[in-house]
Amino acid sequence: MAVERTFIAIKPDGVQRGLVGEILGRFERKGFKLIGLKQLTPSRALAEQHYGVHRERPFFNGLVDFITSGPVVAMVWEGDGVIASARQLIGATKPLEAEPGTIRGDLAVNIGRNVIHGSDGAETAQFEIGLWFQAAELNDWLPSDQVWRVEA
Ligand code: DAT
Ligand code: MG
């Protein structure tokens with residue numbers, strides 16, 4: 001499995017509800033590596049680019065209103081197969097259909113307040129990381145336990 005990077009964002013509902021630590025902890029405990037982290041209230045332009053594939057959907061304006069309504073915690077996580085694994089940790093888009101044990105399954109009810117975003121594929125991840133982060137904001141580092149933690 002190749003080492004990948006993915007873009008993860010805790011949406012304003014997750015930040016307002018005090019779930020940042022809970023969510024960050026799940027990615028840390030899984031064993032992924034934090035490469036970038038910042039808190040910002042996104043501009044409308046940023047939100048519209050981020051959700052550009054949904055521009056024609058009836059929920060688009062409401063989605064942009066929501067994601068720009070308050071603080072977002074934007075992150076880049078790295079690891080083997082992290083893109084698909086993060087989507088599994090996050091759970092289904094509709095929180096009531098998300099499995100217990102997933103972030104949305106455990107922490108959310110409403111599709112319009114589903115707490116977290118994660119890139120859905122390699123191309124999307126590359127696009128979203130570049131959209132939200134400057135190259136200088138991403139810090140590569142070697143965990144001190146890497147040698148024994150990672151199997152070949
Ligand atoms: P995901 O966030 O699981 O990748 P998506 O890309 O299909 O889901 O949609 C992006 C976000 O848009 C989603 O997290 C919540 C919102 N959304 C999707 N479908 C919706 C709907 N039918 N009604 C309201 N909001 C919706
Ligand atoms: Mg999506």
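Where does ligand 1 sit? In this predicted model, ligand 1 sits in the largest pocket.

**The shell around ligand 1**
- Lys-11, Tyr-51, His-54, Phe-59, Leu-63, Arg-87, Thr-93, Arg-104, Ile-111 and Asn-114 are the residues around ligand 1.
- By class, this shell holds 4 nonpolar, 3 polar and 3 charged residues.

**Polar contacts and cover**
- His-54 places a polar side-chain atom 2.9 Å from an oxygen atom of ligand 1.
- For Arg-104, a polar side-chain atom lies 3.0 Å from an oxygen atom of ligand 1.
- In the side chain of Asn-114, an N or O atom is 2.9 Å from an oxygen atom of ligand 1.
- On its own, ligand 1 has 520 Å² of accessible area, and the protein covers 75% of it.

**Strand β1 and its partners**
- Strand β1 spans residues 3–10 and runs antiparallel to strand β3, residues 72–80, with 8 bridges joining the two.
- Within this pairing, you can find Arg-5 opposite Glu-78 in β3.
- β1 also runs antiparallel to strand β4, which covers residues 116–118, and 3 bridges join them.
- Here Ile-10 stands opposite Ile-116 of β4.

Terms used
Residues numbered from 1 in each chain as written. Chains lettered and ligands numbered in written order. Predicted model: local features only at pLDDT ≥ 70, side-chain atom pairs only at ≥ 80, totals over all residues. Heavy atoms only, no water. Near = heavy atom within 4 Å. Polar contact = N/O pair within 3.5 Å; in protein donor to acceptor, adjacent residues only side chain to side chain. Areas by Shrake-Rupley, 256 points an atom, 1.4 Å probe, with all protein chains shown as cover. 1 Å grid on protein atoms, 1.4 Å probe; cavity = no way out; pocket = protein on both sides within 12 Å on 5 of 7 lines; lining within 4 Å. Sits in = over half its atoms within 2 Å of the grid points. Nonpolar A, V, L, I, M, F, W, Y, C, P; charged D, E, K, R; others polar. Pairing = 2+ DSSP bridges. Helix = DSSP H or I, 4+ residues; strand = E, 2+ residues; numbered from the N terminus.
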